[in-house]
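Here are my notes for you as you look through this model. Keep the structure open beside you and find each residue as it comes up.

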Amino acid sequence: MALTNPIPMGPWKITVYDQENFQGKRVEFTSSCQNIMECGMDNVRSLKVECGAWVGYEHSSYCGQQFILERGDYPRWESWSGSNAYHIERLMSFRPVCCAVSNHKESKIVVYERENFIGHQWEMADDYPSLQAMGWPNNEIGSMQVQSGAWVCYQYPGYRGYQYILECDRHGGEYKHYREWGSHAQTFQVQSLRRVQQ
């Protein structure tokens, strides 16, 4: 899925390496990269996020599994995939998260039980490592409206499993169905979510 609007220049900086532990060829970016192979690299094996928040993708053209990349060092693939249950060692494209906020208290999202904003709803402005433990009736979310900021939704409790990065400036902040969460989304299952901070 190609981005329809170009990413504006902003306070973002990421340095990627073609070898683990910040070795090998090194390239710096301050805006999106649709295909790392066009920059003379076959894959990203380590990276440093120096400014801003980013989304990394398993495939070129912003497709496949998504990984949130916040400020810090990522010496190997496990550091960006975290406790993800899926073994994905590649990162082929990435882009800045444009609407991440500097103050967590500014982030708001409304989740709905069913698609098209129907059913039980819950407005959230905090991180939730387990939605069910906080009172959500099941392990699925049908649709979401991001009112401000950017959020990472996870397939399993404890911020594990597939990641979906949802932003207020994409889709108008409205995600009517799980297929709009990302090209790899195959289920309504979301059991934890947290705010992205710039």
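1. Start with the largest nonpolar core, which has 22 residues. A nonpolar core here is a set of buried Ala, Val, Leu, Ile, Met, Phe, Trp, Tyr and Cys residues joined through side-chain atoms within 4.5 Å. M124, L131, M144 and W181 touch the most other members of this core. At least two residues each come from β8 (108-114), β9 (118-124), β10 (143-148), β11 (150-156) and β12 (160-167). The largest share, 3 residues, is supplied by β12. These strands are DSSP runs (E, at least two residues), numbered from the N terminus.

2. A word on what you are looking at: this is a predicted model, where local features need pLDDT of at least 70 and side-chain atom pairs count only at pLDDT 80 or more, while totals for chains, interfaces and linings use all residues. Residues are numbered from 1 along each chain as its sequence is written, and side-chain values use heavy atoms, with hydrogens and water left out.

3. Now pick out M144. Which residues is M144 in contact with, leaving aside its neighbours within four places in sequence? They are I109, V110, V111, Y112, F117, C153, L166, G173, E174, Y175, W181 and V190. Contact means heavy atoms within 4.5 Å.

4. Another core lies apart from the largest one. This other core has 21 residues, including I14, M41, W54 and F67.

5. Next, turn to charge. Side chains of opposite charge can pair when their charged atoms come close. The whole structure holds 11 salt bridges, each a side-chain nitrogen of Lys or Arg within 4 Å of a carboxyl oxygen of Asp or Glu.

6. Have a look at R195 and D126, whose side chains meet in a salt bridge (3.1 Å, N to O). This pair links distant parts of the chain, 69 residues apart: R195 is in strand β14 (residues 192-195), and D126 is in the loop between β9 and β10. Is R195 buried or exposed? R195 is buried, with a relative accessible area of 9%, whereas D126 is partly exposed at 38%. Buried means under 20% relative accessible area, exposed over 50%, and partly exposed in between (1.4 Å probe, protein chains only).

7. E167 and R170 form another salt bridge, with their closest N and O atoms 3.6 Å apart. Both E167 and R170 are buried.

8. Finally, find E28 and R26, which meet in a salt bridge at 2.7 Å, N to O. E28 is partly exposed at 40% relative accessible area, and R26 is partly exposed at 48%. Salt bridges that share partners join K13, R26, E28 and E50 into one network.

Definitions and conventions: Helices (H or I, at least four residues) and strands (E, at least two) are DSSP runs, numbered from the N terminus.
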